[in-house]
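Below is a short briefing on charged side chains and their surroundings. Please read it alongside the sequence and the 3D view.

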Amino acid sequence: MQPRNRDFAAAVLAFIGLWACANFYIFSGRVNSFGTPALPGYAAVGHIWEMVYQEIPVRWTAADIIRAGYFPAWTPYPEGGTPLIGKMQNGIFYPFHILYYLASARWRAWAFTAVPFLSQTFAFACLYLFARLLGLPFFLSLLAGAALVFSTGTSQLSPNPVTALFFPVLLALAELYHREDKLRSFALWLLPPVTALAFFAGHFETAFRISAMAGLYFVVRSFQKPQTNARRLRQAAIFAGAQALGVLLAAVQVLPGMEYVRWSYNRVWRTRLEYRWIYHTIGKHLGLSDLPLLILGLGSAATLAWIFRKLMRERRPQKAGGLLVAGVAALGLAVAALSRLGLDATASGLLHGEMVSATWRGEFSAVFLLLLALGAALVIDLEPEFKALAALLTVGALIQIKAPPLSNLIAFLPIVKLFDNTGTTPELTLSICFLAAAALARLAKEDFRKRTAAAAKIFLCLILLAGGCFFARAIGPFMTRALPTAIYSPAGSEASNSFMGPESAKAFAGATEPFRAWSPLSCVSAAIAAVSGGQVRASVPAEILSSFGECDLYGLLPLPVQPGDFEILAKIALPNGSSRILIGPEVATLKVPIWPLAAAAITVPLAAVVPAAGVALYAASAVSWAAAEAPLPTSPSQFPFQLPGIKRLQGDPSLFRIDSFDYSFLEADYANLYGIPDIRNGGDNLDVLPTVYFNFLTRSLIGDPSSNSASQAQGLRLLGLANIKYFVDAPNVHAASPSLKEVYSGPDMSIHENAFSMPRASFFSKAVEVPIADIRDWNAGRELAFKDVPQLLSTPGFNPQKTLILNDPPGEKLAESNAVGGKGGKTPVQILSYEPNRVILSVKAPASGYVFLADNDFPGWEASVDGKSSRIHRADLAFRAVRVPAGPSKIVFSYDSLAIKFGTAVTALGLTAWLVLFLWRGPSLKDSPQADSAAALNFWTARALRWLLLGLMIPAMTFWSLWGLFVFGGGIQNRFNRPAPLSSVPFGSMQSAGGLHQTR
């Protein structure tokens, strides 16, 4: 059988095998619950995994909106309403997500298993083709693809690895460009749509990251070829231009996404204080005081590189021992010095990262492939394409451990500064899997003597690595005292921007970590503690850095020695004798995998000596990862979880939102699956910045349910104004405030009704202004949001339910903004129609005033009063209000995003032009070499990639074209098939789980 026919047959058999496994899984009555086990009771409701409470509800409601005939521009459910297209993680236009929109609510649970599997199958095919293109043998190509697919967790719903699935395609196109002259135009023609598909998959940071890493791979490969620098520069410019064209092809997703990023919590992540906390030392950026440590660290690293080269070339044992000791010292000094400048000394990102596993098999698999890949990169003389992958491994590792000054360089790049997520590192994982396979393939071709020499060098590298890390931990405390450095940058300086802060920090158990907190209140003392299960596991006093009108504190907290997930809290004592709890980050403490590390350190040199045994271990690693990362199934009858308390809420016919004293209970957006809006934000695809202010402010006021204070009453009033009717919390939670009435207590939850709850739309005849210049400036805006507004609320006689708080920028107030007369909130406002992208209200105002709508303010929303355009004012930090005259008025809020319209036009024109030119003048692959030629595989891979990608592009372009006609034909605000009739029942009122029901 010819090689290409054998490869095709093998790929078909692997595809059939994967499908057989998946079909057995899907049709055996199990669905992917993405980390949440089947519930014997209700305990897990308070700890639903992120992708369940964040991704599934958003895509579920997006599917309902689309099936109802509305353009998927806005959702009224989470956080007072948020944009759908702009959210970087939703992937509204991702081709595989069409299955969600076609599936009814009854079958959608299975779609949430089938869609990740389709993506997984596509990834496996592309990885196999790339491995064969690099020259890996058939069996190792299958193993490399399988190991990478399972290690990145693509069986989960997370959009990060789904976007990363296009990384091997980008690398394959970069490789084909450098292989055959006939394939250059083919690679350039496919590069734009592949780049666009990566952005359509839904995760901006990952799409930008894999595009940049593919560009780096392209540049490294160009320098491996003998050509002039001018030619290299020209080729790089052409490659980057093709990628830029791909970004334009995805403009319908990119432009709304960029708009969303400018108004989302990502702006908070640009500042020194990230949700009041700095995680780890990653907020550290270099200054003049860091110069001694920087010189020591970089000098030691350079010395290490020189010693390592000498060590690899040294053949005399007596000198090799001395070089090894010197290398251990140099590595230890480099790690210890750079750790104080922001380097993650634990290397937990490399040992765990995407390869986190609760079993020793998974830990051994991750460490075994990592060490084998490092050995290949450092010791074995590989082909140029694998050396390019080694470069990606180096850069990915430096970013993962946040090594300065690389962190500083990347953090302040104009594009990267917009994004902040290193949770997915496809270049690191792909390089590890492929370099490990390449090492085994190369060693299998060598004789026993050369394999033994390679094993000896790998063993020396492992001794050097282990000795350097232990030496760094030993001298770390001494170095901290000898060469002190500021942990944080001065407030207000440009260097205060943080670099890629994680949502949850990872560290080894027993490590000492720096944490920092801030409160708008002054304090007299403070302590930082690690809390788990309601018990304090570790606590230390905190140093108060400043307390003039606010509390800025810092402390070094020894983490508990037992592994687990801990919440970091700060307790501050106020001058009046009371105290306040500040909620900080969640830290996952991991036990140092001593036995997996030791086992991997022994087996890696043995695998170099006996490559066949190494291949067996490689295969076992792939299987172990598959077992460790396999999703936990849940019965379809439990999806969404059947909760009696939710049925109690659904029995209330009035419009309502919910909140919770425990921010993590029934995670923020999971309630959206039942048609219940939630004011909380559910994660990085749901945070609209104005609501972040509102949530922080109200959360600082309401405290805990056992409290009954004046500040809690004001917080409940604000929440009532935002349409919060119910508080949903864990069982046996009893509220002390008389304004909270318990209406349900069961084994799943407790529910309290807020006496201050108001309708979603209200009339105010009185308003007061607390202007905020730019709500996107977190450091400046927090001063007003957390000081001026609470001060106003504490004014005797002030009631936010009678006086509207306007937060327009200064200098933009209207002449009648302080009109008085009448009683705020008592004049009824009727909701004539409530649709995702349009709301119609009517009011008969006794005097001039404001109509307030408790829906998020966001660019693109427009308002008209009696057919005349009217300005929307930001009210109560997050919501919308318009000025109305005395008498009857009809108010129309409509979402008309210029970013969506312009992005749709650019995508439609670009894709049409690309398709016409591709069919008319596209590169031909007919003149391929003979079947027995060494170049035949290049052409076979190119053809396979073409058909795979066209299979995605055709349905995608059809789907995008239909929505393009919708945007410019029916309009964003209207239904696709026919205008919706006016209704007095809002769009979000649902009486059953998992569907949007518009009253006809």
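D896 is partly exposed, because its relative accessible area is 21% (buried is under 20%, exposed over 50%, partly exposed in between, with a 1.4 Å probe and protein chains only). D896 pairs with K901 in a salt bridge, with 3.1 Å between the closest N and O atoms; a salt bridge is a side-chain nitrogen of Lys or Arg within 4 Å of a carboxyl oxygen of Asp or Glu. This is a predicted model, in which local features need pLDDT of at least 70 and side-chain atom pairs count only at pLDDT 80 or more, while totals for chains, interfaces and linings use all residues. Residues are numbered from 1 along each chain as its sequence is written, and side-chain values use heavy atoms, with hydrogens and water left out.

**Salt bridges**

- The structure holds 17 salt bridges.
- K901, the partner of D896, is partly exposed at 27% relative accessibility.
- E446 and K450 form a salt bridge of 3.9 Å, N to O; E446 is partly exposed at 22%, and K450 is partly exposed at 42%.
- E835 and R838 are joined by a salt bridge, their closest N and O atoms lying 3.8 Å apart.
- E835 counts as buried because its relative accessibility is 1%.
- A network of salt bridges links E175, R179, R221 and E385.

**Positive patch**

- R309, K310, R313 and K319 form a positive surface patch.
- Patch residues have over 30% relative accessible area and no salt bridge; like charges are joined within 9 Å, and nonpolar side chains (Val, Leu, Ile, Met, Phe, Trp, Tyr) within 5 Å.
- Lys and Arg count as positive and Asp and Glu as negative, with His and the chain ends not counted.
- Helix 13 (residues 291-313) supplies the largest share of the patch, 3 residues; helices are DSSP runs (H or I, at least four residues) and strands likewise (E, at least two), numbered from the N terminus.
- R313 lies in helix 13 and is exposed, with a relative accessible area of 62%.

- S739 sits in the loop between strand 15 (724-729) and strand 16 (740-745).
- S739 is buried, since its relative accessible area is 14%.
- Leaving aside neighbours within four places in sequence, S739 contacts L716, E753, N754, A755 and F756, where contact means heavy atoms within 4.5 Å.
- N708 is 31 residues from S739 in sequence and 9.3 Å from S739 in space, C-alpha to C-alpha.

Note on methods:
Accessible areas come from the Shrake-Rupley method with a 1.4 Å probe; for residues, only the protein chains shown count as cover. The place of a charge is taken as NZ of Lys, CZ of Arg, CG of Asp or CD of Glu.
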